[in-house]
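Open your viewer and get the selection tool ready.

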Amino acid sequence: MAESRGNGPLMSHPSAVGIVVIGQNEADNLTDALGSLPAQATVVVYVDSGSTDDSVRIASGLGVHVLELDRSVPFSAARARREGVETLLAEFEAVRYIQFLDGDCSLEQVWIQAAVAFLDSNPDVGIVCGLLKERYPERSVYNRFNAARWRSVQTGDVSASGGIFLARLQAYQDAGGFRAELLTGEEADLCARVRQAGYRIVRLPIAMADHDSGLVGFRDWWTRAVWGGRGDAIQVDVLANTLSNQQCKEIRSVFVWVAVVPTVALAGAILATWDTRFLWLSGLAAVGSVTLVARIIRAQLRGGERLVDAIVYAVYAVLRKLPYALGYFRERFRRARSPRPGRAMSSAE
């Protein structure tokens, strides 16, 4: 199933905090990610999903416990995190809290101490997260898009945390842990089940980590958006009637703005060749599109964003619907032709 390397012994500490770091070809970021972890962490496990760069060598050289996933089973972030937790608990039963971190992120030094203190003081909270910061927003317009996303999140009680968070082990277990078959959206799914188990999820108004999106070109951005669509298509099969309202809203939105609105615009243009009065259909589609962008810009400005950043965010939020839809409908078509319950796709496919 997976290869566990013992070069990094699992060490005991009264804090009882375990850390699961996941990655695939993150050699450029991994030294910073693992170097940002507090020395007092109980256990650190790096889970590698078939890297072809020096990720495994770097993690081994830093003395953490390395778990290499079986390449014959499809990779997913959910699978990596789940198997990482299983390794923690198999080797060190005293773990009470688990910090999840991606290989392209670095933790703030004070984060875990603050997060543990908050969970200790609030036994009804199952998951706590903080604020993310984009590491290199100046490198591309796509990174700036993500930087705006990180800045626009709400604090206090939230419905989902994102992939970087500290979990109370009991809450994680009560919820059943990550579903390994999900390609994307595994954090939202876990958070929904944590809340169903009776716990709150809280985002603290303090810095938690910085993140390198690595979106330096259009192809990177397009591929990531297609990947998100594929992941949501898998969720529709795996989660069935348990999809969150937000997930259903996003899928409906994509259908409307990628299928319905362009169809109306095209129909208006074609019918206008016969009677110009039908141009109102194309005009309606154009007004709707402009209105959507304007609403997003207004929401961003209310959140304190600069006008130029608000415009960038709005434009790419709308444009993302096209590659997302391509990924979503391609995956739905593929699964309809060859349905396999619980089937997850690897990043190599």
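Start by selecting Leu301, Leu307, Ile311, Val315 and Leu319: in this predicted model they form a nonpolar patch on the surface, with about 400 Å² of accessible area together. Patch members have over 30% relative accessible area and no salt bridge, with nonpolar side chains joined within 5 Å; areas come from the Shrake-Rupley method with a 1.4 Å probe. Helix 11 gives the largest share of the patch, 4 residues, and Val315 sits in this helix.

Next, show helix 11 (residues 307–319) with helix 12 (residues 321–337): their axes, lines fitted to C-alpha atoms over the stretch in contact, come within 5 Å and cross at roughly 25 degrees. The two helices are therefore roughly parallel to each other, a label for angles under 35 degrees. Zoom in on Ala317, Val318 and Leu319 of helix 11, which meet Lys321, Leu322 and Pro323 of helix 12; contact here means heavy atoms within 4.5 Å. By class, this contact has 5 nonpolar, no polar and 1 charged residues.

For the last stop, pick Asp102 and Arg81, a salt bridge whose closest N and O atoms are 2.9 Å apart. The term asks for a side-chain nitrogen of Lys or Arg within 4 Å of a carboxyl oxygen of Asp or Glu. Asp102 lies in strand 5 (residues 97–102) and Arg81 in helix 3 (residues 77–91), so the pair ties together parts that are 21 residues apart in sequence. The whole structure has 14 salt bridges.

Some notes for your selections: residues are numbered from 1 along each chain as its sequence is written, and side-chain values use heavy atoms, leaving out hydrogens and water. Local features need pLDDT of at least 70 and side-chain atom pairs count only at pLDDT 80 or more, while totals for chains, interfaces and linings use all residues. Helices (H or I, at least four residues) and strands (E, at least two) are DSSP runs, numbered from the N terminus.

Conventions: Axes fitted to C-alpha atoms, helices over the stretch in contact; angles between N-to-C directions. Parallel < 35°, antiparallel > 145°, perpendicular 65-115°, else oblique. Nonpolar A, V, L, I, M, F, W, Y, C, P; charged D, E, K, R; others polar. Patch = residues over 30% accessible without salt bridge, like charges linked within 9 Å, V, L, I, M, F, W, Y side chains within 5 Å.
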